[in-house]
Amino acid sequence: MFDAAVAADERIEPRDWMPEAYRASLVRQIAQHAHSEIIGMQPEANWITRAPSLRRKAILMAKVQDEAGHGLYLYSAAETLGTSRDELLDKLHSGRQKYSSIFNYPTLTWADVGAIGWLVDGAAITNQVPLCRCSYGPYARAMVRVCKEESFHQRQGYEALLALSNGTEAQHAMAQDAVDRWWWPSLMMFGPPDDESTHTAQAMAWKIKRHSNDELRQRFVDIAAPQADALGLTLPDPDLRWNEERGHYDFGPIDWTEFWDVLKGNGPCNDQRLSRRRQAHEDGAWVREAAAAHAKKHTGEHGEAQA
């Protein structure tokens, strides 16, 4: 039944039978996605109090709030697979589960907020839109809203960079510097090359993923290259050029040594990101305890009323 449902592009739902390996693969992917959303709040939250205008501050606050919501949707989707949110967070805090390596880079200037919106969220959209057709129903449905909101994030980043690029010479230089630093890590977001990816082939066979890492990376480059021209900014790749025969942009080699090094915990901000996440979790313990007590109280009152 499971294989037939996947082959027919039908959705697998929480109460349906599924192979344990399928369940484990989903928990791993959804957990990493959820962790990335809440860790990803940190680099941009760094600029909320220093945004150049009230308009920019309001937009950035809304975006960071959206990321928190995305984390909640995704943790809820993971819980339908029989794992608890507490367990997932414990694995994140102890380093047993990963989040996207892109969030281990610092946001040095205001232009980084624009670069994250345009490049990082643009890469996320490229990766996540196909997940709306994921074979697992709760994950696919969560991604519909996530992708709509990520589209807003990408547009605000592009617009912020456009304003800087068309501003003073110093503002243009700031925008170019941010793009120079975020371009290659954004390409790494799609994961290792297909021939080095441990999970891609099986995830595609189960239709958890619809496209390989390299296919998605190429799609992103094809979208971003003409956008960079429109922004008046240069992508930091001397090998980037349109290939008429392939119908795609060629681009230079990625430094996978850097990718694996950051993934192993040696990036510029790995320690800081996890330390702040653990501290935020500890600081929020009283809120969780109060919410649990409130729920218990009202559950008891409801039970007494029914009795």
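## Helix packing

Helices α2 and α7 are roughly parallel to each other, a label given to angles under 35 degrees, whereas angles over 145 count as roughly antiparallel, 65 to 115 as roughly perpendicular and the rest as oblique. The model is predicted, so that local features need pLDDT of at least 70 and side-chain atom pairs count only at pLDDT 80 or more, while totals for chains, interfaces and linings use all residues. Residues are numbered from 1 along each chain as its sequence is written, and side-chain values use heavy atoms, with hydrogens and water left out.

Helices (H or I, at least four residues) and strands (E, at least two) are DSSP runs, numbered from the N terminus. Two packed helices are described by the angle between their axes and the distance between the axes. Axes are lines fitted to C-alpha atoms, for helices over the stretch in contact, and angles run from 0 to 180 degrees between N-to-C directions.

| Helix pair | Angle | Distance between axes |
|---|---|---|
| α2 and α4 (residues 54-79) | about 160° | 8 Å |
| α2 and α7 (residues 137-165) | about 25° | 13 Å |

In the packing with α7, Leu26, Gln29, Ile30, His33 and Glu37 of α2 meet Tyr139, Met143, Val146 and Glu150 of α7; contact means heavy atoms within 4.5 Å. This contact comprises 5 nonpolar, 2 polar and 2 charged residues. Here Ala, Val, Leu, Ile, Met, Phe, Trp, Tyr, Cys and Pro count as nonpolar, Asp, Glu, Lys and Arg as charged, and the others, Gly among them, as polar.

With α4, by contrast, α2 is roughly antiparallel. The residues of α2 that meet α4 include Ile30, His33 and Glu37, and on the α4 side they include Glu67, His70 and Leu74. By class, the contact of α2 with α4 has 7 nonpolar, 4 polar and 2 charged residues.

## Aromatic pairs

Rings of Phe, Tyr and Trp (its six-membered ring) pair if their centres lie within 6.5 Å; planes under 30 degrees apart count as stacked, over 60 as edge-to-face and the rest as tilted. The count by this rule is 11 aromatic pairs. In one of them, Tyr22 and Trp206 have ring centres 5.5 Å apart and planes at 90°, so this pair is edge-to-face. Because Tyr22 lies in helix α2 and Trp206 in the loop between α9 (200-205) and α10 (213-231), the pair ties together parts that are 184 residues apart in sequence. Tyr22 and Trp206 are both buried, meaning under 20% relative accessible area, with exposed over 50% and partly exposed in between (1.4 Å probe, protein chains only). Ring pairs also link Tyr22 and Trp206 with Phe2 and Trp17 in a cluster.

## Individual residues

Most residues other than glycine have a negative phi. Asp9, in the loop between α1 (2-7) and α2, has a positive phi near 60°. Asp9 is partly exposed, at 47% relative accessible area. Lys207, which is not a glycine, likewise has a positive phi of about 60°, and it lies in the loop between α9 and α10.

What is the relative accessibility of Lys63? For Lys63, a residue of helix α4, the value is 0%, so Lys63 counts as buried. Leaving aside neighbours within four places in sequence, Lys63 is in contact with Glu44, Ile116, Gly117, Asp121, His153 and Gln156.
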